[in-house]
Amino acid sequence: SNYNVAVVGATGAVGTKMIEMLEETSLPINQVKLLASKRSAGKEVTFKGQTLIIEELVPESFTDIDIALFSAGGNISKQYAPEAVKRGAVVVDNTSHYRMDPEVPLVVPEVNPDALKRHKGIIANPNCSTIQMMVALEPIRQAYGLDRLIVSTYQAVSGAGINAMEELKSQALAYINGTPADKLEADILPSGGDKKHYPIAFNALPQIDVFADADYTYEEWKMINETKKIMEDDSIKVVATCVRIPVLSGHSESIYIEVKEDGSDVSKIKQLIADAPGAVLQDDPSQQLYPQALTSIDRKETFVGRIRQDIDIDKGYHMWVVSDNLLKGAAWNSVQIAETLHEMDLVRV
Ligand code: A2P
């Protein structure tokens, strides 16, 4: 029988893409219910040529829902995911709220689909930057093992929501109209939850989310902790520096890895990427071919290129990994989890 699917945060940057992914999905759908705040109730959205009306999120919204996709912030997930589960829905949560809960599977379908078997109603979608890194590194880990990885990110503003996208556009416009770059008005980035705000247009901000232990930001800790959970290996050494740049969508990452086993070389690493599910090798310096944020938009895959051996370390490699943060990083990975649950006959609490 077909599923009733709810989208929580349906008007947001990710929620809008969840609706698009549900239009394309192979998941058998009976009905889609779109939920947001009271402010959006009554707004119309087109789904497969039909008009759907946004409803205000309340606990009773989940009556008769089979699958609920959440992307309305951690506090909404904290409050309403249990309400959905109580009413028999399976929740796929795109926020960070449940990710490190040992009871909750944290899943990238190309990497650890079997973790879904342990679900108790809630499945967490990993951090956007973590997901694309996992798609690129899992085939290398399987072949040669991973001793350590060092990642620096170049993250798009859409990861911070629609308001952050609007902030970048209005700052760019103000600059064109004569406001000096250091006088641009900023109200959201680097983090809506922190005290100070800085312009993102014509800038690079080495702060995503708020600061936490050892002067790493939460975004950096998410990449560190989630990698170990998804790869089910606490011994992998992981460290991250997360940077916001003035790109609307498409996260880019410079990743350095050291593999464990002997026998790897650049051409073997390239072949692993070319054969990996969900990954696309884009690596031909002679043709200036490499992954770019702009060419990753609206694609579900993770693009990998600039693969090079380290100059000094035999088992060290560098690469450039790009994906649409709203799709594989969020909406597509969530819908892909729902498809995988269906294929594994796990859409039940
Ligand atoms: P709304 O548009 O009604 O405020 P983004 O991440 O792009 O900022 O989007 C956040 C999403 O979360 C939006 O769909 C927003 O709906 C939704 N949201 C925010 N607060 C609530 C709330 N209290 N109840 C339900 N949805 C909410």
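I looked up the spacing of the domains: the centres of domain 1 and domain 2, taken over C-alpha atoms, are 25 Å apart. Domain 1 covers 3–125 + 330–343 and domain 2 covers 130–325; these bounds come from an automatic or database domain assignment.

I noted that this is a predicted model, in which local features need pLDDT of at least 70, side-chain atom pairs count only at pLDDT 80 or more, and totals for chains, interfaces and linings use all residues. I kept the numbering that runs from 1 along each chain as its sequence is written.

I checked the confidence next. Mean pLDDT (the predictor's confidence in each residue, from 0 to 100) is 98 for the chain, and 100% of its residues reach 70 or more. The complex has an ipTM of 0.98 and a pTM of 0.98 from the predictor.

I turned to the ligand. Its shell has 17 residues, with Gly12, Ser37, Ser40, Ala72 and Gly161 the closest; a residue is near if its C-beta atom, placed from the backbone, lies within 6 Å. Each of domain 1 and domain 2 supplies at least three shell residues. Helices α1 (13–24) and α4 (162–176) each supply at least two. I counted seven nonpolar, nine polar and one charged residue in the shell, with Gly classed as polar.

How values were computed: Helices (H or I, at least four residues) and strands (E, at least two) are DSSP runs, numbered from the N terminus.
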